[in-house]
Amino acid sequence: MTTAIKRRSRIDLTTWFTWFAVVTMFLLPMVWIVLKSLQPEQYVFSSTIDPSAFTVENFQRAFVQGSLLSYTISTTLIALATCAIVLPFGFVTGYALARFKFLGRGPVLFLFMFSLTIPGLVNLVAIYQAFSALRMINNPISLVIIYSASSLPLAVWLMRAYILALPSEIEEAALIDGCSRPGIIWRIVLPLALPGVGAVAVLTVVAVFHEFIVATTMMRTEGIGVVNQGLRQLQTQYSFDFTGLAAGSVMVSIIPVLLFLILQRQFISGMTAGAIKS
Amino acid sequence: MAITAIGSAENVPLRRKRADLFPYLLILPAGLLVGAFTVLSLMFTGVASLTDWDIGRRVVSFIGFANYLRAFADADLIGAFFRSTVFVLSVTFISTALGFLLAVAVNRKIRGQGVLRAIIVVPWVISELATGVFWMILLQPDAPIGFITGGPLRTATGSMVALILVECWRSIGFAMVMVLASLQSIDESLYEAARVDGAPGWRMVWLITLPLVSPTLLVVSILLLIGNFNLVTIIIALTGGGPIDATTTTALYMYQHSFLYFHIGYGSAIAILMSVVNVVAMGLFILLQRGRGAQN
């Protein structure tokens, strides 16, 4: 009896400590930034919090000075276009690598694994020169192509892991019943693998919203590119407008954070499956 | 499971006889795109690293391994590599350790488990640039955190420590999620047995949990190692590599040479050296995994 009480009280203490640590370490900095983004400029470093003085002025300023509306629209379009390439091709490639044994399967697997290892930054010089030779600098299509190429290795890896975990009996039965092979992929595998495709979709969209370095190298026109370029523009041109910068960083984070909060399961399964199952 | 799936697909007689083009067809688009990007880019960078390609030069000529010789003698690059090492090892160690502890803490039947987990992962979902920008504000000498810590971004050491801790703040959630996933596969009865034997909680974590999740800790460490070695965006936003060059890492140094000074040849040589570091890290990881597999 006494030990039971003892253990419970100790667990409560750990719980308390965990909550305290997490709230001060992770939540408070974010809350402070959100509060500052809502307060007038003169309160930037003061500790007064007066909800009646809250204003959207900072957001309006960030919107205009960072061209954030235009950047948000173009990032969304780029993310959707990237998904339109990554999802179907990642899915069929993952399927082929999971279900078929063919000559060259090892090298293909190695290629995708190897591409995961080589970071985009290392290839950026070559990519820049290639797209500039094709006269595709400052063209959002080049961003879509680059983001697709850099998202595909992980997408293939995740889809392969997901399909490997599905039972293959139904596919074999369908083949014997005379279903065509594309038909099997479309009608049987795809519906079963849909949660995996969802995970890849969330990760791809968030990756585009996170990107900065490639976009800032490739794009020249203000308002066309990714949201982080807008935020960077604010940072370089209005470096002492801290409330405006706070509003800007809140705004470029809203879409990825909302996506994560709504689709937490898919997001986390994608994050973990990629590394642990390999 | 995986092996039977492949094996049974093989047993379907239709697929066995002729050389089957279907899987190649499925792989072709993604394989071409990724292959072109990785292999061609690497080849291009490799060739460019042997030239004196520079913004002001009309005629580009091959200069052999001069860029590499220059790199090994470049005090700034060596300094940057040293800072990279400090940065990468600190972030990897702190994030993995704290991610592990938080995962253990959150994994118990705790009130508000889901909310806690979400709070810890949100920083990983915010972009590097936004994270750098708002921590730059938080660390201003007049802002609460900056005031307590004495405005760290004004000094060289302070900037490096700040950079390390901000990057940890971002990546702890990643480490925690990975460890959490592997904790959930541990057999509960192992703890029951230890509890019957009267082992205290922290001993169980040390003797049971830690060895069981150590493969995952290895995966997390390698991913953080590689990720942080190639990180530039958060540095650009938080410190810009400064003061002077106090937070200029290898990756940022390479970026500056390639895209600010347009020393394409020299930048490419550094890029190739960076890929070597990446590939060695990944190779080491695969070797460790294999060794582990052979043990079990």
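**Labels and their cut-offs**

User: What makes the separation of B:Arg170 and B:Glu167 about one helical turn?

Analyst: B:Arg170 and B:Glu167 are three residues apart in helix α9 (residues 156–183) of chain B, which means a separation of about one helical turn. A helix here is a DSSP run of H or I of at least four residues, a strand is a run of E of at least two, and both are numbered from the N terminus. The model is a predicted one: local features need pLDDT of at least 70 and side-chain atom pairs count only at pLDDT 80 or more, while totals for chains, interfaces and linings use all residues; side-chain values use heavy atoms, with hydrogens and water left out. Residues are numbered from 1 along each chain as its sequence is written, with chains lettered from A and ligands numbered from 1 in the order in which they are written.

User: Why is the pair B:Arg170 and B:Glu167 called a salt bridge?

Analyst: The term requires a side-chain nitrogen of Lys or Arg within 4 Å of a carboxyl oxygen of Asp or Glu. The closest N and O atoms of B:Arg170 and B:Glu167 are 3.0 Å apart, so the pair meets the definition. Both B:Arg170 and B:Glu167 are buried. Over all chains, the structure holds five salt bridges.

User: What makes the salt bridge of A:Asp241 and A:Arg61 a tie between parts of the chain?

Analyst: The closest N and O atoms of A:Asp241 and A:Arg61 are 2.7 Å apart. A:Asp241 sits in the loop between α10 (227–237) and α11 (242–262) of chain A and A:Arg61 in helix α2 of chain A, so this pair joins parts 180 residues apart in sequence. Both A:Asp241 and A:Arg61 are buried.

User: How do you know what A:Arg99 and A:Glu171 tie together?

Analyst: Their side chains meet in a salt bridge of 3.0 Å, N to O. A:Arg99 belongs to helix α3 (residues 68–99) of chain A and A:Glu171 to helix α7 of chain A, so the parts tied together are 72 residues apart in sequence.

User: Why does A:Arg99 count as buried?

Analyst: Buried means under 20% relative accessible area, exposed means over 50%, and partly exposed lies in between (1.4 Å probe, protein chains only). A:Arg99 is at 2% relative accessibility and therefore counts as buried; A:Glu171, at 7%, also counts as buried.

User: What makes the buried residues of α7(A) lie on the same side?

Analyst: In helix α7 (residues 169–176) of chain A, the buried residues are A:Glu171, A:Glu172, A:Ala174 and A:Leu175. They cover an arc of only 160° around the axis, so they fall on the same side of α7(A); the arc is that of the directions from the helix axis to the C-beta atoms. A:Glu169 and A:Ile176 are exposed on the other side of α7(A).

User: Why is B:Phe262 called partly exposed?

Analyst: B:Phe262 has 30% relative accessibility and so counts as partly exposed. B:Phe262 lies in the loop between α13 (250–259) and α14 (264–295) of chain B. Its phi is near 55°, a positive value in a residue other than glycine. Most residues other than glycine have a negative phi.

User: How many salt bridges does the rule find across the interface of chain A and chain B?

Analyst: The rule finds one across that interface. B:Asp20 and A:Arg181 form a salt bridge, with their closest N and O atoms 2.8 Å apart.

User: What makes A:Gln264 and B:Arg117 a polar contact?

Analyst: A polar contact is a pair of N or O atoms within 3.5 Å; within protein, one must be able to donate a hydrogen and the other to accept it, and residues adjacent in sequence count only if both atoms are side-chain atoms. The side chains of A:Gln264 and B:Arg117 make such a contact at 3.3 Å. A:Gln264 is placed in helix α12 (residues 264–276) of chain A and is buried, with a relative accessible area of 17%.
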